[in-house]
Amino acid sequence: MSDTASQLLVGSGLTVLSQPLMYVKVLVQVGYEPLPPTLGRNIFGRQVYQLPGLFAYAKHIMKIDGRAGLFKGLTPRLCSGAIGSLVHSKVLQKCQEDDQAEEVRRSSKESSLEKVIKETSQEMVARSAATLVTHPFHVITLRCMVQFIGRETKYSGVFSSCVTIYREEGILGFFAGLIPRLLGDILSLWLCNMLAYLINTYALENGVSTMTEMKSYSQAVTGFFASMLTYPFVLVSNLMAINSCGLAGGLPPYAPEYSSWLECWSRLHSEGNMSRGNSLFFRKVPAGKRYVWEEKRFH
């Protein structure tokens, strides 16, 4: 019990610290650019026009809403983190207990690949359950943040936001953007673990024998690689969570009214925006687009 409490405490602390980062990231993902491009230098020292980075963007938010403005949407995000951790822990524990009971009846010893597949499958079930349960809080978090664009106050508290979503969109409104989020999480997990298995088995002297050992090798390299490949799913999920919800950030000119997440994906792909918001530093101006000051975005 103490381990669970300490994990929740650490997780909540990290959530609070990362809240300004996520806030800026979400606004950039939507396409909101309140500050025009400025002349700066890229990582190679060349002079180029750049969009404001994380700190300039956060400073702009603070100028309008103060320091507290950087923490909009924090409460539902904390709820999501705490409930998600508990659900993940309980589901994973149940999967492991069932597997241990099955191992007693199993006569043959499983290979290292079979072990990785089994443990990855258990982790996939646990993560998916946690994502499914906490997605409504994720939707509320995003909508609280996007209100900055139109200066709305439609989503102010967790309970009142639940009432608003249910009244206007029904139960399905709580799960807007769920499918691409689940697909991205699952794909990222399997890419990370299977790539780590290949590295540990064929590139290192000792093969992988436990999930803990595998994570120690794979977390830095394969985790980053997998997150880069699956970022479009994160972007599409977040955009669908706020699309046509009555907020300026989810309506034209910032976003068309998408009929499905596949249409959103196709539109972003055709516009070359699949990585929008992936980096908050050294942000280059979109090629072939013009900054429109009145709309605070690029056309």
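Which residues are linked with Lys72 in a network of salt bridges? In this predicted model, the network consists of Asp65, Lys72 and Arg151. The total number of salt bridges is 9.

Among these salt bridges, Glu33 pairs with Arg283, with the closest N and O atoms 2.2 Å apart. Glu168 is partly exposed at 43% relative accessible area, and Lys154 is partly exposed at 25%. Within helix 9 (residues 261-271), Glu271 and Arg267 are 4 residues apart, about one turn of the helix. Their closest N and O atoms are 3.0 Å apart, and the two residues form a salt bridge. Glu271 has a relative accessible area of 34% and Arg267 one of 35%; the former is partly exposed, as is the latter.

The structure holds 5 aromatic pairs. In one of them, the ring centres of Tyr23 and Phe148 are 6.3 Å apart and the planes meet at 85°, so the arrangement is edge-to-face. Tyr23 is part of helix 1 (residues 2-30) and Phe148 of helix 4, and the pair therefore ties together parts 125 residues apart in sequence. Tyr23 and Phe148 are both buried, and together with Tyr32 they form one aromatic cluster.

Helix 4 also contains Gln147, which is buried at 5% relative accessibility. The side chain of Gln147 reaches the backbone nitrogen of Tyr155 at 2.4 Å. Leu132 is likewise located in helix 4 (residues 112-150), but is partly exposed, with 43% relative accessibility. Leu132 contributes to a nonpolar surface patch with Ile83, Val133, Tyr166, Ile171 and Phe175; the accessible area of the patch is about 530 Å².

The count of disulfides is 0. For Cys79, the closest cysteine sulfur is that of Cys162, at 9.3 Å, which is too far for a bond because a disulfide requires sulfur atoms within 2.5 Å. Cys79 is partly exposed, with a relative accessible area of 28%, whereas Cys245 is buried at 3%.

Conventions: Residues numbered from 1 in each chain as written. Predicted model: local features only at pLDDT ≥ 70, side-chain atom pairs only at ≥ 80, totals over all residues. Heavy atoms only, no water. Buried < 20%, exposed > 50% of the residue type's maximum accessible area, 1.4 Å probe, protein only. Patch = residues over 30% accessible without salt bridge, like charges linked within 9 Å, V, L, I, M, F, W, Y side chains within 5 Å. Areas by Shrake-Rupley, 256 points an atom, 1.4 Å probe, with all protein chains shown as cover. Salt bridge = Lys/Arg side-chain N within 4 Å of Asp/Glu carboxyl O. Helix = DSSP H or I, 4+ residues; strand = E, 2+ residues; numbered from the N terminus. Phe/Tyr/Trp six-rings, centres within 6.5 Å; stacked < 30°, edge-to-face > 60°. Polar contact = N/O pair within 3.5 Å; in protein donor to acceptor, adjacent residues only side chain to side chain.
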